[in-house]
Every structure is written in structure tokens, then in C-alpha cells.
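Welcome! Here is a short briefing to read with the structure open beside you.

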Amino acid sequence: MAGLVARDVSVTYAGVGRATEALSGLDLAVADGEPVALIGPSGCGKSTLLLLASGLLAPCAGDIAVGGEPVRGPRLSTALILQDFGLLPWKTVLHNAALGLEVRGVGRVERRERVAASLARVGLAEFADAYPGELSGGMRQRLALARALALDADLLLMDEPLSSLDALTREDLQDLLLELWRQRGHTSVLVTHSIEEAVFLGRRVIVLSPRPGRVTAVVDNPRMGETGYRETAEFYERCAELRRLLAAEGALGPDAGPARPGPAEEGAHPATACAPEASS
Amino acid sequence: MTGWRRKAVGYAGATVALLVIWQLGSLAVDSRALPGPVPALAAFAGSFATELWPHLVSSSWRVLAAMTLGTVLAVPLGLLVGRSPRADAVFAPLIFLVYPIPKVVFLPVLLVLLGLGDASKIVLITLIVFFQLLVTARDAARAIPPGSVLSVRSLGAGRADVFRHVVVPAALPDIFTALRIGTGTAVAVLFLSESIGGRLGLGYYIVDAWGRLAYDAMFAGILAMALLGVALYELLELAEGRLCRWTRVGR
């Protein structure tokens, strides 16, 4: 069971000179095995929400629970996939994929077996001895996925995992993400800036308000996951609906867009103004 | 051409170029104090096994011991200080105050306190290497992208895991650079300390030969010291190649 529940969650960051309220009274419930996409203007606290769910950050107020248990630190079967920094350049593909298992004390033999399977699953088996610096952007993202698969994660938290990829590689990986979800049925929370990606990979698309982030709309997307959904009229309708909602948030104006991340969105190690980070 | 062959050819070419420049310089200066490569190399070959060898061994031991000691002491402390704001608050002011002081001025003090033997030289070089590496390791640890740490911590890594999997490997290339630069400083300080106190070591040998106006022998000593520096540098290069393989892939 890996449903995610956030109740009345607020987070304030201690900035230089002034505090920034990233989330304010956010309520969210993701059912076990449900794929959800989070979308909203830059700096709306989407990344903060993932840090909370992964146990790397403690909320200033409110509760976060995964699988019915309050989150008090990194959970064994939660995987967090970040846009750029997930991989360690000094470790080979094999070691990168095995890192989670190694940290958790899984024995060498079992580690090797599970990593070999997960690398094969994402099509990187023959690159086991390469370093991340030798891989293309799409392959690196596959490696980050392999690491999550090796952990046998039941909750996948993804922070704009595909935003640095070119359009073709991106669709390719979207297909892979969908396929993995269809096979494994894990709970999936995807933060994205792309409307099409949100509709393709979220059975519900949750729209957040500008900072401080709150849930302002939820778009139901029941046909997500059907074969060929990307080509249907309904897919386009959903995208158009989402675009209207975001425009109403002011997220599509000249000031919006992924090029201007807020302080809380940069993947930096954040310091909250209210409380220290969750214990490591 | 393989890497090794290319390297050997490069070194041979550089050696020949240096010898030619040396010969030309010696001809231009036309002084007994700057003998050409032929008499110097002859003196080097003639005295290596007998006179030079014990001095070379002594100097090598001192510089190796000091650099090892300095590294072992400075790197863990520097990484720790770089990663912990609390430790940094205590140590950073201390480092900033002490680092710019030229440690070499303490040579007379060390000679009085520790005598003319190995200890004074080793301590002085250790001190210099220590501070160079401390500053480098601290900066390297501070420059680690927070995302790298975050992603490893999200896997359930504790402090020790983060050090082992992120902080140490991330800082290694910078530490090797500091060590290679430190080699030059270490050998220079070695020369100075040996030339002032004691009767063993290449520094002593060079200055002693100078005093006896034995310029060929002096140059044999200089060659030995240069060799020591080159050997140290190559040793570090080799170790870095082993330990930092990822920095060399795809180039």
C-alpha cells in the first residue's frame, strides 16, 4: 500500500532576507497505485511537495502520510527521481543502479541480480560498465528509472524527470514510464511543466496555484493509459482544458514557463524557516 | 598509438628539448657554475650508487612521509568542515587566519625544537601540505551540488553513506590537483630545510657541493632532486588515473 495523503500542509523557506511561503494549506490524496500528474506555474511548490513525500523535508504544519504511515524520513520503497542530479558521475551505470540497494544493505549477490534485471528492463544492460558521462540524456534518465526499479519501489516520485530531453527521446521515455506503470501498478506522482506529458501520464492531473501552492483544480483523465490515447480527440480536449485552467492561474503569461524556476524549485537542499529538515 | 607509447614519446621529446636548451644555456653563460649536461650527467652516473644514493633515499622518505601525513590529516578534516556548517563556524576563521602565514618561517623554530634530523623537515612539509589540502578539501566539499546529496539521501543514505558515495569521490579530483601542485612546494621546502640543517638529504648535498665548488657534483644533486619531483608527480598521476577513472572516460 503506497497511497499518498497530504493534509493541510504548509512549508515556508528561510530565504536570504525574507521567508518564502512555498505551500500553504495544501490537501492532496493519491490512491494506492494511482498515477497522478502535478502541474502549475513556476515556483508553485511542486518540488517541495515531492521532497515532503520522500521524507527529505518536514512540513511546517500539516501531515504527510504514505501507505497510512506518517512520513518521518526516507521510506524504503519510495523512489525519488530528480531532473539532473540523481546520478553520481563517479560510479558506473551498474553501481549507480545498485546504489539504493547498497545503501539499504542488500547483499552483493541479490544486488547484482536485481540490478541486472532492472538495467535490462530499461535497455541499458550492455552499458553496465559505462559512466554516466558517456551516456546520452535519455539513457541517463533510463538509468535513474533502473535505480528506482531495482528498489522495487511502490511509490515513484518524479520531479520533471524528462524536461531536459529532446522531444523524440521524451516521448520514448513517456512510453516507457507508462508501460512500467501498466506492468507494475505503482503509485506515481509526476511533476511536470508539460501539459501533454501531464495528460499522457496522469489519470488525474492536479493543478496548483502560484506560490504559495494550493490545489486549485483537478482534471479527471480516465482514459489515460489506453493504447493510442495520445492520438485521440479526447487527449487533445484534456490538453485544451488544462491549458485553459493554467491560463486562468496566470501560468501561461509572458512571465511563466520553466525557464524561471523559483528558489524552491531548483532542487537545492532547502532550509525551511520553521523547522529543520527531516532526519536523515 | 597506445597511451603509454604516446606518453613515452612525449617524455623523450621533452627530455631531448630540455637537454638542448641546457647545453645552449651552458654555452651562452660559459661559467663553471653551469656545466653542460654531459659533465653533469657523468657526475650523476658516477656518484649515484655511492655518494648520492643515501641522500636521495633520505629526501624521498621525508617528502613522502610528510605528504602522506599531511593528506591523511587534512582531507578528512577539510571534507568534514566543508559539509558541516557547525564545524565550519569553528574552523573556517582559524583556517583563514593561519593559511596565509608562510609556514616556512617556522623552520628555525622547528630546527631548535625537533633537531636537525628527519622530524623537523617532515613536520614543516606536513604543515604546508596540510593547509593546502585543507583549504582545497573544504572548498571541494562545499561545491558538491545539493542535488547529488539529496538523491542519495532519498535512497535512505545516512551521513556516512553520503560521505562514502558522494563527498569523498566528488572531492577526489580536486584533492589530486592540490597534491600535484603541493609536490612542487613540498620539494622546494625540502631543499630549503635540508640546506639549512643536517648532513643528510639532497638539499645538503647540493649546498655542500656548492661550498666545495664541485659544480658537477652540485648538478648531480640538482638532477636527483628534479627526478624526485618528477617521480612524485607521476606517482600521483598514476594514482589519480586509478581512483578517478570517470574523469578520463570519453576523452
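Strand β4 (residues 61–66) of chain A runs antiparallel to β5(A), and two bridges join them; strands pair if DSSP finds at least two bridges between them. This is a predicted model, in which local features need pLDDT of at least 70 and side-chain atom pairs count only at pLDDT 80 or more, while totals for chains, interfaces and linings use all residues. Residues are numbered from 1 along each chain as its sequence is written, and chains are lettered from A and ligands numbered from 1 in the order in which they are written. Helices (H or I, at least four residues) and strands (E, at least two) are DSSP runs, numbered from the N terminus.

**Strands of chain A**
- A:Val66 stands opposite A:Glu69 in β5(A).
- The order β2-β1-β4-β5 (chain A) makes an open sheet of four strands with antiparallel pairing.
- At its edges are β2 (19–30) and β5 (69–70) of chain A, each pairing on one side only.
- Elsewhere, β9(A) and β10(A) form a hairpin with six residues between them, and A:Val207 stands opposite A:Ala217 in β10(A).

**Helices of chain B**
- Helix α9 (residues 215–243) of chain B has 29 residues and reaches 42 Å from its first C-alpha to its last.
- Buried residues (20 or more other C-beta atoms within 10 Å of their own, with C-beta atoms placed from the backbone) of α9(B) include B:Phe219 and B:Leu228.
- In α8(B), B:Tyr204 and B:Ile206 are among the buried residues.
- Just after α8(B), B:Leu213 takes a positive phi of about 60°.

Definitions and conventions. The expected span of a helix is 1.5 Å times one less than its number of residues. A residue is buried if 20 or more other C-beta atoms lie within 10 Å of its own, exposed if 12 or fewer, and partly exposed in between; C-beta atoms are placed from the backbone.
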